[in-house]
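Here's a walk through one model, contact by contact. Have a look at the fold before reading on.

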Amino acid sequence: GRNRDWARATLEALSKRSPFALKLTQAFLLRAASFDLRTTLIHDDRLARCCLRHPDFGEGVRALLIDKDGRPMWQPSRLSEVSDAMIEAAFAALPGRDLDLSPRAALQAQT
């Protein structure tokens, strides 16, 4: 039926994506459910910087836009190879480089 077709198409689309980015996205969605706006924005910034530094970003650009071969060589190439440590590192604070967003209470105290 229609749901099966959608599920099949979704699985096919996800199978072409970076395993690292997929696991990172899942981890962020699960964690962000308990974040306030400030924490969400700080983590958005951390993860964006991480993804830009990760080899898969450049590889995806190469495969889609430069060579247009549609065959990215992801690092790592399988979901099972993306370790918890890799995901935790993406969420780690960036000493001296994290967004400097005052907590809500501090902002309210300034008014």
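Glu59 touches Arg71, Pro72 and Met73, leaving out residues up to four places away in sequence; contact here means heavy atoms within 4.5 Å. Glu59 sits in helix H4, where helices (H or I, at least four residues) are DSSP runs numbered from the N terminus. With a relative accessible area of 16%, Glu59 is buried. Buried means under 20% relative accessible area, exposed over 50% and partly exposed in between, with a 1.4 Å probe and protein chains only.

Some ground rules before going further. This is a predicted model, so local features need pLDDT of at least 70 and side-chain atom pairs count only at pLDDT 80 or more, while totals for chains, interfaces and linings use all residues. Residues are numbered from 1 along each chain as its sequence is written, and side-chain values use heavy atoms, with hydrogens and water left out.

Now to the aromatics. Rings of Phe, Tyr and Trp (its six-membered ring) pair if their centres lie within 6.5 Å; planes under 30 degrees apart are stacked, over 60 edge-to-face and the rest tilted.

| Ring pair | Centre distance | Plane angle | Class |
|---|---|---|---|
| Phe28 and Phe35 | 6.4 Å | 55° | tilted |
| Phe28 and Phe91 | 6.4 Å | 40° | tilted |

Phe28 lies in helix H2 (residues 19–32) and Phe91 in helix H5 (residues 84–91), so their pair ties together parts that are 63 residues apart in sequence. The ring pairs link Phe28, Phe35 and Phe91 into a cluster. Phe28 and Phe91 are both buried, with Phe28 at a relative accessible area of 16%, while Phe35 is partly exposed at 22%.

Setting aside neighbours within four places in sequence, Phe28 is in contact with Phe35, Thr40, His43, Asp44, Leu47 and Phe91. Phe28 and Thr40 are twelve residues apart in sequence, and their C-alpha atoms are 9.2 Å apart.

What about the helix that carries Phe28? H2 has 14 residues and runs 20 Å from its first C-alpha to its last, close to the 20 Å expected at 1.5 Å a residue; the expected span is 1.5 Å times one less than the number of residues. Its buried residues are Pro19, Phe20, Leu24, Ala27 and Phe28. Seen down the axis of H2, these fall within an arc of 160°, so they line one face of the helix; the arc is taken from the directions between the helix axis and the C-beta atoms. On the other side of H2, Leu29 and Leu30 are exposed. The buried residues of H2 pack against helix H3 (37–53), helix H4 (55–66) and H5.

The largest nonpolar core has ten residues: Phe20, Leu24, Ala27, Phe28, Leu47, Cys50, Val82, Ile87, Ala90 and Phe91. Such a core is a set of buried Ala, Val, Leu, Ile, Met, Phe, Trp, Tyr and Cys residues joined through side-chain atoms within 4.5 Å. H2, H3 and H5 each supply at least two residues of this core, and H2 gives the most, with four.

Helix H1 (residues 2–15) has zero buried residues among its 14, so it lies largely in the open.
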